[in-house]
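Visitor: I'd like to learn how to read a few features off a model. Could you walk me through one?

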Amino acid sequence: LRLAFARAGATVAGAIRGRGQLWHRFWRPLCWAVLNTTPERGAAALLWRAMSETFLRGGRHCRPVFAPQGLGTALIDPAVARLQQHGATLSFQHALRGVTTEGDRLSALHFTNGSVKELGKEDRVVLALPPSRLKAVLPWVDVPADDAGIVNVHFRIADPTIIADRPPMTGLVNATTHWIFIRGDVISLTISAADRLGPMTRDPEELLPELWLETCQALDLGDANYVAARVNKERRATFDQSPAEVARRPSARTALTNLFLAGDATDTGLPATIEGAVRSGNLAARLAA
């Protein structure tokens, strides 16, 4: 209830006062996972929105959804196929460098390869860019900082049968690792809020032995070892979901009549999640149409 009725600008730590087992085993890990930051920094309003759409709606709204072949196969490939079926032209490696405006309209898009897209009166533009890139293209738009990091570690093992009966997803407490995912012969780890909790600045050679030990303990792998490993540090994984930065999220509608914004950093009311990105796209499409 304190989370639900937290004042505007409250953090999760400010709204939830208890520091017992529920704090250490539920609230703090949930905040890391949902807001990609610490409870002392994360916006209470965003965590409450996630809670209200999951736990408060019953068990079937809390079940994890997995992408056994990866998000590309699950989400991107079908989207690309559907766009192409409807006659869309997709261009890759054409980063947007800037725009030209005329009055209250966007009149041209300028790309890094030198091409320019002139816009007609009936054209509509939806931009889905990370905040730092959006600010470079549209300097007049206020955006939140997007420097919240996540560290992912992938271990490939020689014998996948030793993990065949392990759960596809495991959450850890009292560990550097937050989540363990299993897919085939690869064990993947996720550490959220990595910029705040320290792993972002640690050397991979130092991290790997510690994280593999945690993995073996959590999955009961004994003295098993891995044959290859990779540490991926995404320094701009999400926008900063503190109350001050949440207040800077731009709306889908802009001051230009033919320009609309999408992406999970826009003002969806949700945290920086796939669900937020999907809803932002739906809203931008409705406005553009």
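Visitor: In the hairpin of S7 and S8, which residue takes a positive phi?

Guide: First, a caveat: this is a predicted model, where local features need pLDDT of at least 70, side-chain atom pairs count only at pLDDT 80 or more, and totals for chains, interfaces and linings use all residues. Residues are numbered from 1 along each chain as its sequence is written, and side-chain values use heavy atoms, leaving out hydrogens and water. Strands are DSSP E runs of at least two residues, and helices are H or I runs of at least four, numbered from the N terminus. Your residue is Gly 184, with phi near 65°, and the hairpin has 2 residues between the strands.

Visitor: How many bridges join S7 to S8?

Guide: Two strands pair if DSSP finds at least two bridges between them. Here S7 and S8 run antiparallel with 5 bridges, and Trp 179 has Thr 190 in S8 as its bridge partner. S6 (residues 169-171) also pairs with S7, antiparallel over 3 bridges, with Thr 170 opposite Ile 180.

Visitor: Which residues have the most contacts inside the largest nonpolar core?

Guide: Such a core is a set of buried Ala, Val, Leu, Ile, Met, Phe, Trp, Tyr and Cys residues joined through side-chain atoms within 4.5 Å. The largest has 22 residues, and Val 153, Phe 155, Ile 187 and Leu 221 have the most contacts inside it. H7 gives the most to this core, 6 residues.

Definitions and conventions
Buried means under 20% relative accessible area, exposed over 50%, partly exposed in between (1.4 Å probe, protein chains only).
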